[in-house]
Amino acid sequence: MAAIILITLAVLATVARVIGLIILSIIAGWFLAYASIKSKFFENIYIILIEIFESVPVITFFPIVLIIFITRIGGPLGVELAADFLVFTAVVWNIWMGEYQAFKTVPREMVEVVENSRFGLFAKLRYLYIPFSVPRITANLFPSISDGFFYITVSEVFEVGVHTYQTFGIGSVLDTFVADGQLFNIEMALLIMGIAIVAIIVVLREFSKYAVGRYTLDTDAPVMKRGRLNIRETARVFAVLSKNPLTRLARYYKYREADKHEETYEKKEKKRKIYKYIYAAIGIIILAAVLYGAVSLITSVKLSEWGVLIGKTPSLLTGLGYDYIRVGTILVISMAIAIFLGYYLAVNRRAEKYWIPIIQSLSAYPAPIYFPFLFILTEPFIFGIFGVFTNELYVLSLGFISTFYYVFYSFWMGVKAMPSEYWEVTRNLKLGYFKKMRKVVIPSTFPYLISGISSTINSAWGGLMIGEYWPDIYGTHSLTVHAGLMKTIDIATATGDIALAAWGSLIFGIIVAVYSVLFTRKMMDLAQKKYVAEEGVYSA
Amino acid sequence: MDVIDPDARIADLLGLLYVLNNIFDGKTDLYQLEKEMEVDLDDLMPIVYTASNLGLVNAESGDISISQKGIEYVKSGMNQRKQIIRDSLKNIEPFKTALSMGSFTLDDIIDKLKENDVPTFNNPDGTHDLEVILIEWGIYSRFLRKTDDGFEVIL
Amino acid sequence: MEAEIKNENVSNSVLEADGIYFSYDNGYDVFENINIRADSGKFIAIIGPSGIGKSTLLRIIGGFLKPDKGIVKLMGKTLHEPTPEVALIHQSIVTFPWMDAQENVMLSMKAKDMSRDEMESKAKEALSRVGLDGFEDLYPKEMSGGMRQRVAIARAFAADPYVFLMDEPFAHLDELTAEGLRQDIYNILFSGETPLKSVIMVSHNLTEVLELADEIYILNNIPATVVGKVEVTMPRPRNPRSDNFNANLDALYSYLTPPRKKK
């Protein structure tokens with residue numbers, strides 16, 4: 001009984017940590033988003049930073065974060081803050097991007113109404129910007145919740161050298177149970193965690209319905225008639241749509257919209273320059289803090305150590321190459337399944353009704369928590385078939401179950417958001433299944449797919465980070481691959497070789513950021529230019 | 001069946017009566033009205049049927065003329081106009097059914113209208129259409145009042 | 001203070017745009033020396049070809065944009081920034097879906113120093129002026145477009161404006177609905193129980209303008225200037241099929257087309 005109370009408290013602590021940090025990100029995001037619509041300078045820095053951090057898996061910063069929180073702050077508070085930081089960086093980017101996009105797309109007419117009434121900053125936020133951002137935040141909450149829970153096993157317990165740090169939560173409690181082999185308690189912990197996650201998903205779905213009914217504009221997808229907005233028809237379309245609020249929410253999911261509301265006929269306001277300087281200053285401070293962190297870290301490393309690090313760089317890069325192959329494999333498998341399953345669910349209402357909540361709950365259930373038990377159950381069997389590739393297969397599976405959801409969810413949202421006219425065209429032309437997929441469905445969901453792919457790649461790295469080196473996954477069994485950058489970083493962290501861990505993270509961060517800027521952004525731009533399906537249907 | 005068309009709006013009513021009275025001297029062919037106003041059937045007919053059911057115009061054989069009640073409507077102030085609509089709604093669905101029910105929720109009146117063989121709102125958009133009509137005509141003319149979970153007749 | 005009142009008595013001017021010059025950031029000149037004056041009791045219309053900058057001019061008049069040169073005066077005082085005393089009514093209907101009708105209307109008073117009770121009673125009054133008594137608790141999504149437009153007008157009214165700026169307020173509506181709303185809104189605007197003194201409307205619908213306006217300013221050329229001003233003296237209600245109406249229409253078009261070339 002005492003164990004169950006302990007488990008319940010631990011689950012509550014973890015849930016409170018994740019939810020609390022999500023709320024914190026939402027609140028902070030409002031102010032940052034407001035600052036970025038007020039200052040072009042701040043906006044540029046802010047968006048670049050979000051895009052970089054969003055594409056670099058947070059867990060790779062973890063060694064650096066650990067040093068800062070444990071050496072500078074120390075004690076239980078330092079450990080707690082380190083865990084919080086990891087969860088925070090997992091949930092925040094989606095939400096901040098969503099809020100920024102919302103603020104950026106507030107109709108100018110609405111802004112003029114509040115300006116006309118002479119609203120101050122807080123009144124503007126309260127009556128206009130914050131309510132307007134609710135649908136977008138809601139659409140981004142599902143993936144953020146999943147992201148947040150994903151890292152609890154690694155954030156609540158971690159080892160650096162001979163020290164083990166832990167903070168209270170289901171991750172650390174479960175770790176003790178596993179170490180002591182308390183099977184019943186492990187099962188109870190998994191069950192209670194499951195109940196909590198299902199409850200969160202149910203509440204979130206209800207909130208989505210409310211948010212769609214209350215906070216969306218009828219003019220988001222106006223029905224035009226002879227060039228005029230037909231409010232009557234638009235309102236009717238939405239009244240019908242809102243019976244399935246997640247469909248409506250699909251329009252607010254995270255793919256980036258071009259700045260539609262850029263100054264059409266107004267000139268940039270010259271007055272209130274002072275605010276611009278303030279926002280610009282905040283931007284510079286953030287940039288300086290990031291640079292300072294980097295520089296102070298670099299200068300703290302001794303010259304001789306640099307020699308060692310640079311000597312190890314080629315092998316780190318080879319490891320990264322292996323990891324890219326793994327990520328690519330995970331991505332291809334996830335996409336293939338996501339596209340067929342996502343399509344099937346999007347067009348089969350009955351199946352969708354049951355499967356979507358199940359998939360949402362599964363995705364929020366952190367894979368690293370239940371993965372060891374899958375491992376125990378299947379390992380002897382799998383080993384019999386795959387022999388030396390067994391570990392590789394498990395690492396790929398962990399990557400898959402931790403990422404599949406993102407590309408699936410994005411694609412499914414994209415199919416839901418497809419204009420009904422496209423469906424009619426495919427039926428009219430009697431397109432076969434694969435032709436329909438290739439010519440219509442995949443191109444028109446392209447922007448959604450791209451954003452799903454970038455999240456998937458991101459979490460695949462997280463999965464590899466956990467899976468490539470997992471000592472004592474059960475009993476004395478360890479899960480490890482023969483080579484990989486993630487493994488190197490993991491081992492360096494565990495043995496206390498912080499310099500190597502940080503150097504590995506840095507190389508990784510730079511390459512992933514460059515890749516993201518060159519590839520993801522390009523694809524995003526292409527998606528916007530060519531594949532915005534909503535613009536393909538135009539009623540003159 | 002006398003019913004308020006789901007697409008009929010108060011503003012359209014005033015527009016129609018005003019145009020008939022001031023531009024066409026009270027009487028014209030419907031096709032002339034369509035041309036002059038640059039409207040199409042979808043815009044025009046819902047309010048023509050509704051105004052006719054309310055007794056504000058006479059429409060038959062492709063002609064339309066404003067009735068005495070219609071002229072009175074155009075010349076009145078806002079409160080008087082609301083009074084005219086309120087009095088005219090009593091025998092027209094969905095308000096006839098509403099009157100018999102006194103107070104009701106949207107689902108209640110949908111069911112009751114089905115029982116009374118009023119097919120107009122028996123479709124996927126029906127609930128939304130009915131709500132808009134009850135508000136547009138009923139609440140505007142002070143025939144109905146909004147309650148926490150539905151509507152109430154306040155005649 | 002006294003001088004101001006005296007001045008007002010002489011000119012009767014409510015809102016005045018004086019020598020307005022404006023250009024975009026890229027150097028494109030939009031307006032050159034535009035003068036527009038709205039006197040008390042007058043309905044002013046501004047027309048011009050599409051792309052001439054009518055909506056921009058309205059935003060300069062409302063203080064939303066700063067002109068490069070020239071000033072805007074409200075009741076003799078220079079206008080520097082948007083104020084509830086000059087209320088902008090948009091082409092697209094602007095209501096806030098997360099607030100009911102009464103909260104929507106109260107929005108225009110939030111920045112004022114008023115108690116909640118005061119705001120509520122004022123909002124009720126404004127709603128009832130536009131015919132929406134009983135609509136207080138309804139959300140915009142439950143209303144038709146015409147009713148939402150009334151909510152937007154009630155919101156503007158609740159702040160006791162002197163001037164209404166209307167940016168093609170009927171452009172999105174079908175002609176029948178627009179005609180009904182025009183008549184309704186005209187009556188509401190000039191019901192005489194409010195501080196409202198004048199209306200400035202931009203439109204590209206010449207018939208609409210001739211039905212409503214007392215004075216019409218015509219913008220043309222690049223950069224735009226006022227090329228003509230027509231005073232409409234026809235009695236109301238005005239019949240678009242009458243000869244007099246057509247003569248006025250003809251006069252408006254003569255300003256919008258190039259002058260006849262001499263042979």
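Colleague: How many residues of chain B are in contact with chain C, and how many of chain C with chain B?
Modeller: This is a predicted model. In it, 28 residues of chain B are in contact with 23 residues of chain C.

Colleague: Which elements of chain B touch chain C?
Modeller: Those giving two or more residues are α1 (10-23), α3 (41-53), α8 (126-139) and β5 (144-146) of chain B.

Colleague: And which gives the most?
Modeller: That is α1(B), with 11 residues on the side of chain B that touches chain C.

Colleague: What is that side made of, by class?
Modeller: The side of chain B that touches chain C has 17 nonpolar residues. It also has nine charged and two polar ones.

Colleague: Staying with chain B, what is the strand order in its open sheet of three strands?
Modeller: The order is β1-β3-β2 of chain B, and the pairing is antiparallel.

Colleague: Why is one side of β1 and of β2 left without a neighbour in the sheet?
Modeller: β1 (27-29) and β2 (57-60) of chain B stand at the edges. Each has a single partner strand, so one side of each has no neighbour in the sheet.

Colleague: What about twist?
Modeller: It averages 15 degrees from one strand to the next.

Colleague: How many bridges hold the pairing of β2(B) and β3?
Modeller: Four, in the antiparallel sense, between β2(B) and β3 (residues 63-66) of chain B. One detail: the bridge partner of B:Glu60 is B:Asp63, in β3(B).

Colleague: Which strands does helix α2 of chain B touch?
Modeller: Helix α2 (residues 30-37) packs on the sheet and touches β1 and β3 of chain B. Its direction makes about 90 degrees with that of β1(B).

Colleague: Over to chain C. How is it divided into domains?
Modeller: Domain 1 is 1-82 + 206-257, and domain 2 is 86-160 + 163-196. Their centres, taken over C-alpha atoms, are separated by 23 Å.

Colleague: How many residues of each domain are in contact with the other?
Modeller: 12 residues of domain 1 of chain C are in contact with eight residues of domain 2 of chain C. On the domain 1 side, the elements giving two or more residues are β1 (13-23), α2 (54-61) and α7 (206-212) of chain C. By class, that side has seven nonpolar, three polar and two charged residues.

Colleague: Now the open sheet of six strands in chain C. What is the order?
Modeller: β6-β7-β8-β3-β9-β10 of chain C, with mixed pairing. The edge strands are β6 (86-89) and β10 (225-231) of chain C, and each pairs on one side only. The twist averages 20 degrees from one strand to the next.

Colleague: Last one. Which strands does helix α8 of chain C lie across?
Modeller: Helix α8 (residues 243-256) lies across β3 (43-47), β9 (215-220) and β10 of chain C. The helix runs at about 25 degrees to β9(C).

Note on methods. Residues numbered from 1 in each chain as written. Chains lettered and ligands numbered in written order. Predicted model: local features only at pLDDT ≥ 70, side-chain atom pairs only at ≥ 80, totals over all residues. Pairing = 2+ DSSP bridges. Axes fitted to C-alpha atoms, helices over the stretch in contact; angles between N-to-C directions. Contact = placed C-beta atoms within 7 Å. Nonpolar A, V, L, I, M, F, W, Y, C, P; charged D, E, K, R; others polar. Domains from an automatic or database assignment.
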